[in-house]
Amino acid sequence: MATMSYKCPNCDGPLKFDPDKQKFTCEFCLGEFAPDQVQQMNEEKEQRETYDEQEVRHAEQQQQQAKTENAENADEDFAVSYTCPSCGAEIVTTATTAATTCFYCYNPVVLGSRLSSEFKPDKVVPFELSKDKAIERFLAMCGKKWFLPKGFAGKQQFEKLNGVYFPYWYADEQKTATLTATGKKIRTWRSGNKEYTETRIFHVVRGGDVIIKNVFERALKSESREMLQSVHPYDMSKAQPFAMSYLSGFQAEKRDLEKKDVEPVIEQKMHEYAEQVLKNTMEGYDIIETESFNEKTELAAYNYNLMPVWMVTYKFNGEIIPFAINGQTGKAYGHLPVAPGKLAAVSAAIAVIIFLIGVLGGMLFL
């Protein structure tokens, strides 16, 4: 079988990860279980699921080969069907979905074969921000905006909030680097009616080992890069070795961008960071101009990780706009809409006030 659900050992109800308690909970018997306890209970089950993954992947490959030419140009829209392990209903997902909820029995379902073998993540950062707290962050952001459309911050918006684990590539590197630059110290003074400027020029060299950690790039091409990058940073010291049980109760996506796809972007970031690290050691100069920068990567490690995001989309003037909240820190991303009527009314009121001030000010001089 290709799907899994995590059951309560007390009553066989579905288990979901609770960000507030950092435990798995059962809403039926109110049981609570530590992550390592749940992982131990389901270790054998997960091993049984991977036994059939070759057959599952073969079936998916056959389905992919049967796609039309148009569908081949849009893999993220390709639908794959599974059977819910709780009620037996058919679950239809996109090709990158790795965890979801059954629309019939509402039980969480993890599609084990999607995150196994080469697609198995190295680490996962569990949700720390509950849905209620994510809604509070959303309300706080909306409360500071005067020109939102009427009813935008209503309850109906929050009911659509979904917790999603998105895939990212993370990289650590150790480099040997040397930076050669021209440093300038500038002094200006006046004597009588004349101003004098003295510029002293120095040849500056810095070199050494540079260690750079947690440079990231999104591993899912179908989502907005700006959105997935902007919800960072995450506290990677709280990352856990990946276990599929963390996905229970949330949605999850598997990567469709490989290391080779993101490596040029990450390496460019590494290059810029290493140069800036050495440049930051050149203190005491008013101007620093780089002459040359040489680097050699000694060690490099890439990890494939899943990161928590609360997501909601809204439709405004025919446009679908996403809003995202970091599921660990609460950092928010989104472009809130503006109601033209409210903006026009405030602008008109300001214009009237300015006009009245002008009239009253003119009367003082009569």
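**Cysteines and paired strands**

Cysteine 26 is buried, with a relative accessibility of 2%; here buried means under 20% relative accessible area, exposed over 50%, and partly exposed in between, using a 1.4 Å probe and protein chains only. Keep in mind that this is a predicted model, where local features need pLDDT of at least 70, side-chain atom pairs count only at pLDDT 80 or more, and totals for chains, interfaces and linings use all residues. Residues are numbered from 1 along each chain as its sequence is written, and side-chain values use heavy atoms, leaving out hydrogens and water.

What about disulfides? A disulfide is counted when a pair of cysteine sulfur atoms lies within 2.5 Å, and the whole structure contains zero of them. Cysteine 11 is in no disulfide, and its nearest cysteine sulfur, that of cysteine 26, is 3.4 Å away. Cysteine 11 is partly exposed, at 34% relative accessible area.

Now to the strands, which are DSSP runs of E with at least two residues, numbered from the N terminus; two of them pair if DSSP finds at least two bridges between them. Strand S1 (residues 15-18) pairs with strand S2 (residues 23-26) in the antiparallel sense, over four bridges. Within this pair, phenylalanine 17 stands opposite phenylalanine 24 in S2. Four residues lie between the strands of this hairpin, where glutamine 22 has a positive phi near 55°.

Further along, S9 and strand S10 (residues 194-218) are antiparallel partners with 23 bridges. Alanine 177 has glycine 208 in S10 as its bridge partner. Their hairpin has two residues between the strands, and glycine 192 takes a positive phi near 70°. Strand S9 (residues 162-191) also runs parallel to strand S12 (residues 251-253), joined by two bridges, with tyrosine 165 opposite alanine 252 in S12.
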